Structure formats: C-alpha cells, structure tokens
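Hi there,

Here is the structure I promised to pass on to you. Have a look at it first, and then read on for my notes.

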Amino acid sequence: MTSAAHSYPDGSAAFPHRGLVGIAGLAPHEIMFLLDEAEQWVEFNRLPQKHNDRLAGLTIINAFFENSTRTLLSFEIAGKRHGADVVNMHVAQSSVKKGETLIDTATTLNAMHADAIVIRHGSSGAVQLIADKVDCPVLNAGDGQHEHPTQALLDALTIRSAKGAISGLTVTICGDILHSRVARSNILCLTSLGADVRVCAPPALMPAGIEAMQAKPFHDFDAALDGADVVMMLRLQLERMQGEYIPSSREYRHLFGLTQERLARAKPDALVMHPGPMNRGIEIDSDVADLAARSQITRQVEMGVAIRMACLDVLTRRARRVEGWA
Ligand code: NCD
C-alpha cells in the first residue's frame, strides 16, 4: 500500500511536527506519510552506490545515554547516506559522567547549532525535556519505558511490506510489556493504523490499564497466538527491573517463549518479529528466529535504516527550506 491508497496534505501540512518524540500525537495519515516516504530509501539502500546529498552541510548529533547497537548504527548510517555530518556523543566519556544536568547538556548541544539531535535516554520524558530546550528537531531513539517511535515505524513498514496492509491484521506482542517502550510505541502505531493488537505477559509484567490503549491483554500465550498474523517477541528488560518479576528464565520460556510448536497456533503465514537484541532460548527459540520464510528480524533492521532516512529528511525540510515546507 503506498500513497495512492492514502491521502494526506501536501508539503509541511503532511507532517506538521517539529520533531519525533513519540507516536502519541501523530495522526494515522502522518504515520502513513512517513512509511510512504521510507519506501524510496528501501530501494535506494539496495543499490551499490548509497549516497545522496540531501542533508549535505547539516550536522546531526546522536546523543545516546543508553546502550544501543541497531538504533545508533542505523541513525548514523541514515545520516551519512544523506550526506550529513554525523557526530556521535560518547556519553561514557562526556561531562554527563561529571554530573552535568540534562538541561546543561541540551544547552551545550544547542549552542553547537546541530540541525537534528537524536537522543536515547534511560528516563521516560528525558527526550521531551531536551526537545523543549533546543532549536532543532529532536528524534527520540528510546526514552526509558516511554516510547521508541522509529522502532514502531520500522515495524509497521516491515509488516506492511510483507502483508500489503496493516488494517485488519491481528498482531500479538508478547514479553515484558510493562518495561517496553517498543511495545508502547507499537501499540499506539498499530492500533492507529487499524490492527487488532493483543498483548501477552505474565501478570507482573503487564501494565495496569493497558485496555485504555486499545490493546487486548492475555496471560495465556497459546490463546494470544490463536489466529495471529504477526507475532512480535520482546526481551525481558532486566536492566529496568528491581526485584524479581519472573520465577526463572526456564519457567518464563516454558510459558512465554516462542517455540515452533507454539508458532503453529498462529496463522500458517504469520510473521515472526523481534526488535533485538534477542535472548535466544528465552523469549524465542533459535530455530524460530532463523525461520527463513517467516522471520522478519533482519528485514526489520533493513527497514530501520530506511525509516530513519525518511525521518531525518522530513524533519529537516524546514531548515533546508524545501519548497512547501515553510
Ligand atoms: C529495544 C530498545 O532499546 O528499546 N531495542 C532496539 O531499539 N532495537 C528493545 C530492547 O532493548 O529490548
């Protein structure tokens, strides 16, 4: 499904936001606009020559206060493929370790006249705090348990390219829903695009009031998988847990791990997804993660670069004075 099937306004009215802090607040047509914009970069990234000058002369700062492999690399690659100067701030060697406040760090980044800042931070709300203090667009690369909007967008693009559409699909998200910003952003994104979203977790890892987000909660994984079109598995976010949330990883796998046998409860052509990093043998068995016909895990990484290229392009159009983006 591409723009032909959707209508959204032209120019900056198609995406009127200054930055991308979350999926919350985006209209369905704004999400579709970003997905449609990303399509061209999927094709482009498969070419041997992957460079363009769209963002030449612009400076992008990646400020990652939490560990990352995929997200940091793909934002860096996305900026470089557009010809921008991309700078990664190494938090371990930065003044943050000397006790600098987040606001002072934001003021410092702002004084360097970045044209876009990409932030990952362990505290929910930290990205908005910085976005309010700087003049350029801010992109959230994951803030605490709050949101991870580009992950949800790349997941939506992966599903749409494999299934043709998102509306009407049943998507089962299973794992540590409570601590997962990926789950939150995906619930917001997929329900907004018309999917039925089921969430499955042990009671201690299910957020209270999840029904208010239009997601249907399950504690029985077999029931949650029944007839699903997409199965998205999540890691136990041990770094965000204080105390014991699960009796043991063996027991967790027994009840909530995706095995071949369990996958058979979903539709025969159900997609298997995982944002990474995976804990093979806990939330997902290796033979399922590597199922050639079903697993979308490496496709998700591929879509991630395209989505980040689209987001950086769209959000810097005003600064680049692209026609129609006043
Ligand atoms: C996720 C994250 O950091 O929120 N990973 C990612 O961005 N690909 C999920 C996780 O850490 O489990």
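The protein has 11 helices and nine strands. Please keep in mind while reading that this is a predicted model.

Let me start with the overall form. The radius of gyration is 19 Å, which agrees with the value near 20 Å that a compact globule of 326 residues would have. Along the principal axes, the C-alpha atoms fill a box of roughly 55 × 50 × 40 Å. Buried residues make up 55% of the 326. Looking at contacts with a separation of 6 or more, 73% of them are between residues 24 or more positions apart.

Helix H11 covers residues 297–315 and reaches 27 Å from its first C-alpha to its last, close to the 27 Å expected for its 19 residues. Of those 19 residues, 15 are buried, so H11 is largely enclosed by the rest of the structure.

Gln-151 lies in helix H5 (residues 149–163) and counts as buried because its relative accessibility is 6%, under the 20% cut-off. Beyond its neighbours within four places in sequence, Gln-151 is in contact with Val-182, Pro-275, Gln-300 and Arg-308. Ser-185 sits in helix H6 (residues 181–192), and this serine is buried too, with a relative accessible area of 0%. Leaving out residues up to four places away in sequence, Ser-185 touches Ile-23, Glu-147, His-148, Pro-149 and Ala-152.

Finally, some backbone details for your checks. Gly-276 and Pro-277 are joined by a cis peptide bond, with omega about -10 degrees. Pro-277 belongs to the loop between strand E9 (271–273) and helix H10 (286–289).

Which residues other than glycine have a positive phi? One is His-113, at about 55 degrees, in the loop between helix H3 (102–111) and strand E3 (116–121). His-113 is exposed, with a relative accessible area of 64%. Another is Gln-214, with phi near 70 degrees, in the loop between strands E6 (196–200) and E7 (215–218). Gln-214 counts as exposed at 58% relative accessibility.

Happy to talk any of this through.

Best wishes

Conventions: Residues numbered from 1 in each chain as written. Predicted model: local features only at pLDDT ≥ 70, side-chain atom pairs only at ≥ 80, totals over all residues. Heavy atoms only, no water. Helix = DSSP H or I, 4+ residues; strand = E, 2+ residues; numbered from the N terminus. Rg over C-alpha atoms; globule rule 2.2 N^0.38 Å. Buried < 20%, exposed > 50% of the residue type's maximum accessible area, 1.4 Å probe, protein only. Contact = heavy atoms within 4.5 Å. Expected span 1.5 Å × (residues − 1).
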